[in-house]
Amino acid sequence: MAHRSVRPSRLPGPLSTRPLTREPAWPAGPVAISTGTVELQRDRDDPRSVTVVVNGVPSSSLHLDDPARLDFEYMQQMAVFVAHAAPPATALSVVHLGAAGCAFARHVHATRPGSRQTAIELDPTLAELVRAWFSLPRSPALRIRAGDAREVLRLLPDASADVVVRDVFAGDRTPSHVTTRQFLHDVARVLRPGGLYLANCADRPPLAQARSEVATALAVMADVALVAEPGQLRGRRYGNLVIAGITRGSSPGAEALLGRADVARELRSLPVPAHVVHGTELVAFAATAPVLEDPSPPAETVRP
């Protein structure tokens, strides 16, 4: 789920995904998928830009001629962290929990050639359609696996990914089973030491969900940061916040990523400036928010 589009952001890097030179055969209205409907909406000012709307919610924005371009603000914020996670053009192993149109995976493929990515999409019909509609990297550059994000995550090998991106939504909320401490332990298992976790958290004032997700990440990760627009932090509106975490067992240099001045400066320089909450400021933000836990299994009934 994503909020409004803004002036596009394109981080520098080689383009390894060819733009579409022909007009794709897109449907004129909503199309039935396994979990509801999907619709493609063209940008009136730029017909080569399209938004993927799943069950009425804008879920991806892609430009046919520029795979590195990102229109959603939270994706621009995530891209800043990925850009600094390794030297420029270094190939990464990335797992995307939630795929929709695979806009962020397309961006990574364009800016970091040779990367190996896995996108997990709950709806198998949607996964097939976006392959047909867009110029997505082929396997093994990008594998799209159908299934529940957490269930498929459990099957991934230990220390097999550099980055895990969580962008899973049911309507306008994140399903609770991909927010808990147990879920984050599995994310940390899949990530290599110093690996980067990025989560899209949509919340409204007083940001109770974001505070608990931060408290949960602080309980699992070596370092955590929160990125949001200043107005969101002041409780003025609903919107998307980005939670970033670094796994334990990493080098001090890797852990320092989230608090670096150049990263904060780039986030402030985005089309919609964003603020990084880190360190003692982040601990104060989480305050007494509860750590999110999986539900306890029902107690067994002992028969006399």
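This is a predicted model: local features need pLDDT of at least 70, side-chain atom pairs count only at pLDDT 80 or more; totals for chains, interfaces and linings use all residues.
**Note on salt bridges and cysteines**

1. Residues are numbered from 1 along each chain as its sequence is written, and side-chain values use heavy atoms, with hydrogens and water left out.

2. D294 forms a salt bridge with R150, with 2.6 Å between the closest N and O atoms (a salt bridge is a side-chain nitrogen of Lys or Arg within 4 Å of a carboxyl oxygen of Asp or Glu). This pair links distant parts of the chain, 144 residues apart: R150 sits in helix 4 (residues 149-155) and D294 in the segment after helix 10 (280-286). R150 is buried, at 7% relative accessible area.

3. The whole structure holds twelve salt bridges. Among them is D162 with R192, whose closest N and O atoms are 2.9 Å apart. D162 is partly exposed at 23%, and R192 is partly exposed at 31%.

4. E229 pairs with R237 in another salt bridge, at 2.6 Å between the closest N and O atoms. E229 is buried at 9% relative accessibility, while R237 is partly exposed at 25%.

5. Now the cysteines: the disulfide count is zero, taking a disulfide as a pair of cysteine sulfur atoms within 2.5 Å. C102 is buried at 3% relative accessibility, and C201 is buried at 0%.

Terms used. Buried means under 20% relative accessible area, exposed over 50%, partly exposed in between (1.4 Å probe, protein chains only). Helices (H or I, at least four residues) and strands (E, at least two) are DSSP runs, numbered from the N terminus.
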